[in-house]
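Reader: I want to go through this model briskly. Please take my questions one at a time.

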Amino acid sequence: MKKKIAIIILVIVVTVPVSIYFAAPGQVYRASISIERCRSGLTGKSVMVGDHRIVYLEGGSGPVVLLVHGFSGEKDHWTRFAKRLTPSYRVVIPDLPGFGESTKSWTAKYDILDQAGRLAGFIEALKLGPVHLAGNSMGGTIAGALAAKRPELVKSLALFDSSGVTPPRKSEMQLAWDRGVNLLLVNNADDYDRVMKLNFSKPIWLPGPVKRYFAEKAVAARPFNRKVEMDLRAGMYGLGPLLGRIRARTLILWGDDDRILDMSAVALFERGIPDHVTVIMEKCGHTPMLERPDEAAGHYLDFIKKI
């Protein structure tokens, strides 16, 4: 009898986690995110800025580092990157309005300058400034616009594979964008692998159930992301005229295998920003903080330690 009970317990111990893994991958993902946040010393918080509730992560102590995600991204894209920073810096990572857990309003505008204004409001609401500000892709354009428009809020600037300028060579993504097609939008669950290959030089391996969960989330977010895209279109290449107004020392960090924003944009940022440092990560794609978080964080730490 005791042997039978032991076998039953063993079966339960083995099958229940497996069943949850396949039946509820979202729960598995959320649990793993909680673990990653804990390891990075980050906790979730929120604040109202105008009509938007902004959900953000915060951890560590010291000078403030504010990290801004890209289009269709979210705050946890920076979590592993932040692990290297929280021992010496107070790290704050918002979901930009319109993304992640922050407010999504169909009547609001999400163009670059409006988002930069909300980011300034976020800094002021939490009394963070001046901050070390870093942004990836669209987040880089927003960060750059804020640094140009509100220089008193920005101690240093970092642009990780940033949009905002028209490069001499356009990527497949940019050529499609000019035709009105956004290759970052996921059309269906099977389309998710294509978007992953666009973002990474070497796509991150994901278990099948978790990948399906991400794909389903991306498909569900597609209509609102399309609305945000339409708001962004007028100003997505509009950072160029503002570059000369950026006074903060700036890190330009780029993956040389970026298939979304061509590396030829680097020269335009270098030419436009008076005080800059450039780092090129070899065999890296569009999101260095996701693809190689430790290496990207090392480059960033080397930069801000000298500010």
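Author: A cavity here is a set of grid points where a 1.4 Å probe fits but cannot get out. Its volume is the space filled by probe spheres set on those points. The model is predicted.

Reader: How much space lies in the largest cavity?
Author: The cut-off for counting is 30 Å³ or more, and by that rule there is 1 cavity. The space in the largest cavity is about 150 Å³.

Reader: Which residues that line the largest cavity are the closest to its centre?
Author: The lining counts 14 residues. A lining residue has an atom within 4 Å of a cavity point. Those closest to the centre are S163, M173, W177, M236 and L261.

Reader: Which helix gives the largest share of the lining of the largest cavity?
Author: By class, the lining has 9 nonpolar and 5 polar residues, with no charged ones. The largest share is 3 residues. They come from residues 172–178, helix α6.

Reader: Which are the edge strands of the sheet?
Author: The sheet is open and has 8 strands, with mixed pairing. Their order is β1-β2-β4-β3-β5-β6-β7-β8. An edge strand pairs on one side only, and this holds for β1 (43–49) and β8 (276–281).

Reader: In β2, which residue stands opposite V47?
Author: Strand β2 covers residues 52–59. Strands β1 and β2 pair in the antiparallel sense, over 7 bridges. Opposite V47 stands I54.

Reader: What angle does the direction of helix α11 make with that of β7?
Author: Helix α11 (residues 293–304) packs on the sheet. It touches β3, β5, β6, β7 (249–255) and β8. Its direction and that of β7 make an angle of about 165°.

Reader: Is the peptide bond from G129 to P130 cis or trans?
Author: P130 sits in the loop between α4 (112–125) and β5. K127 is found in the loop between α4 and β5 too, with a positive phi of about 55° although it is not a glycine. For the bond from G129 to P130, omega is near -5°, and the bond is cis.

Definitions and conventions. Residues are numbered from 1 along each chain as its sequence is written. This is a predicted model: local features need pLDDT of at least 70, side-chain atom pairs count only at pLDDT 80 or more; totals for chains, interfaces and linings use all residues. Side-chain values use heavy atoms; hydrogens and water are left out. On a 1 Å grid over the protein atoms alone, a cavity is a set of points where a 1.4 Å probe fits but cannot get out, and a pocket is an open set with protein on both sides within 12 Å along at least five of seven lines; lining residues have an atom within 4 Å of a point. Helices (H or I, at least four residues) and strands (E, at least two) are DSSP runs, numbered from the N terminus. Ala, Val, Leu, Ile, Met, Phe, Trp, Tyr, Cys and Pro count as nonpolar, Asp, Glu, Lys and Arg as charged, and the others, Gly among them, as polar. Two strands pair if DSSP finds at least two bridges between them. Contact means heavy atoms within 4.5 Å. Axes are lines fitted to C-alpha atoms, for helices over the stretch in contact, and angles run from 0 to 180 degrees between N-to-C directions.
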